[in-house]
Amino acid sequence: MSPPRADAATSARTWSSVGEGYRRSFATLCAGPVPTLLDHVAPAMERRSAVLLDVGSGTGTVARAAAGRGWRVLALDPEADMASMTRDALNASDEAARVMRAGLPNLPVTSAGVDAVVANFVVNHVADPRAALGEAARVVRPGGLLALTIWTPGSAGWADLVGAAFEAADATTPPSAQLPEHLDFERSPEGLADITRAAGLSVVVKDRTTWRWGVSPDVLWAGISSGVAAAGARYLAQTPDVRCRSTSSVSRRLRHTTGC
C-alpha cells in the first residue's frame, strides 16, 4: 500500500495512550523507508565512535536497525510508552545504545554533538516544524547528515475504505488541528526541502518514495480503534453507538468479523 494521506488532524496529537496499537499496526508501515534513511546517513557514521541520533524513536525500528549495523545510537522520544518500546527493541543490555525521554524542539544533546540525525515521520507531527529542524541542525556536527521523512498528500486504499465505512456509519468529522499558516509548510519533498534550507542545512537528496504495506484487518483496526492516525482520531471522537456502527461497517467492507 502507499503511505496514508497526510492529515493536519494528527499533527499536534499525543501518542501517550496509543503505543501498543501503533506498534501492532502503523509502526510496520512507518518501517518502510528505514533502510533507505540509514543508507543516506551511512557516510557520516564512518568515523570512529560516531553517534546516530534517532529523534521520535517510537517503537525503536530505526534505532534497532542502526544498532544492527554496529552503530552507536542515541534514541529520543517524549512519550514514556514509546521510549519503553525502544528500550525493548534495543535490548537493555546494549551498551552502545541509549534511550531518553525527550523530543523536538528541545533536545538534551550538545551542539554539534552527533554525527547523524534520523527523524522518520516526525516533522509532520510537531507543533513547530521550523523550530524542530533548527534544533536538529544545532545538534548535528559540521559535515554530518540528516535524513527526514514526512507524509505527503495522497489517499491510500485502506484510508478510502475506512473513510467510506465512517460515512456509512454517520460518523462525525472532528475539528481540524491544522497548524497555523505561519507554522505550517507544504507537505511535499519540495516543501520539506524549503524549511530544511531555512534551518541552515544543505539539501543533498530529496525524493518521493512508495512501498507496499501488508496488513491484516485485525491489525489495521487495532491501530485505528486505539486512536492512531487521522482515522483513529475520528474513531475516538464518536459516541459509543457510532463507534459500534463504524466497527461493523469496516468489518463488512473487509469481509471480516470485528465485534463491537
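Author: In this predicted model, strand β1 (residues 51–55) runs parallel to β4, and three bridges join the two. One point of this pairing can be named: L52 has A116 of β4 as its bridge partner. Strand β4 also pairs with strand β5 (residues 140–149), again in the parallel sense, over six bridges. Here V117 is set opposite L146 of β5.

Within α6 lies V139, a buried residue whose relative accessible area is 0%. V139 lies 25 residues from V114 in sequence, yet their C-alpha atoms are 6.2 Å apart in space. When neighbours within four places in sequence are set aside, the contacts of V139 include V114 and V117, as well as L53. Its contacts also include L107, V109, T110, S111, A112 and G113.

One of those contacts, A112, belongs to the loop between β3 and β4. Two backbone features of this loop deserve attention. A112 has a positive phi, near 60 degrees, although it is not a glycine; the residue is partly exposed, with a relative accessible area of 39%. In the loop between β3 (97–100) and β4 one also finds P105, and the peptide bond that leads from L104 to P105 is cis, with omega near 10 degrees. Both features stand out, because most residues other than glycine have a negative phi and most peptide bonds are trans.

The loop between β4 and α6 holds F121, another non-glycine residue with a positive phi, in this case near 55 degrees. F121 is buried, with a relative accessible area of 8%, whereas A112 is partly exposed.

Helix α4 (residues 61–68) packs against helix α5 (residues 80–90) at an angle of about 25 degrees, and their axes are 9 Å apart. That angle makes α4 roughly parallel to α5. The crossing of α4 past α5 is right-handed. At this contact, A63, R64 and A67 of α4 meet T86, A89 and L90 of α5.

Conventions
Residues are numbered from 1 along each chain as its sequence is written. This is a predicted model: local features need pLDDT of at least 70, side-chain atom pairs count only at pLDDT 80 or more; totals for chains, interfaces and linings use all residues. Side-chain values use heavy atoms; hydrogens and water are left out. Two strands pair if DSSP finds at least two bridges between them. Helices (H or I, at least four residues) and strands (E, at least two) are DSSP runs, numbered from the N terminus. Axes are lines fitted to C-alpha atoms, for helices over the stretch in contact, and angles run from 0 to 180 degrees between N-to-C directions. Angles under 35 degrees count as roughly parallel, over 145 as roughly antiparallel, 65 to 115 as roughly perpendicular and the rest as oblique. A crossing is left-handed if the near helix is turned anticlockwise from the far one by less than a right angle, and right-handed if clockwise. Contact means heavy atoms within 4.5 Å. Buried means under 20% relative accessible area, exposed over 50%, partly exposed in between (1.4 Å probe, protein chains only).
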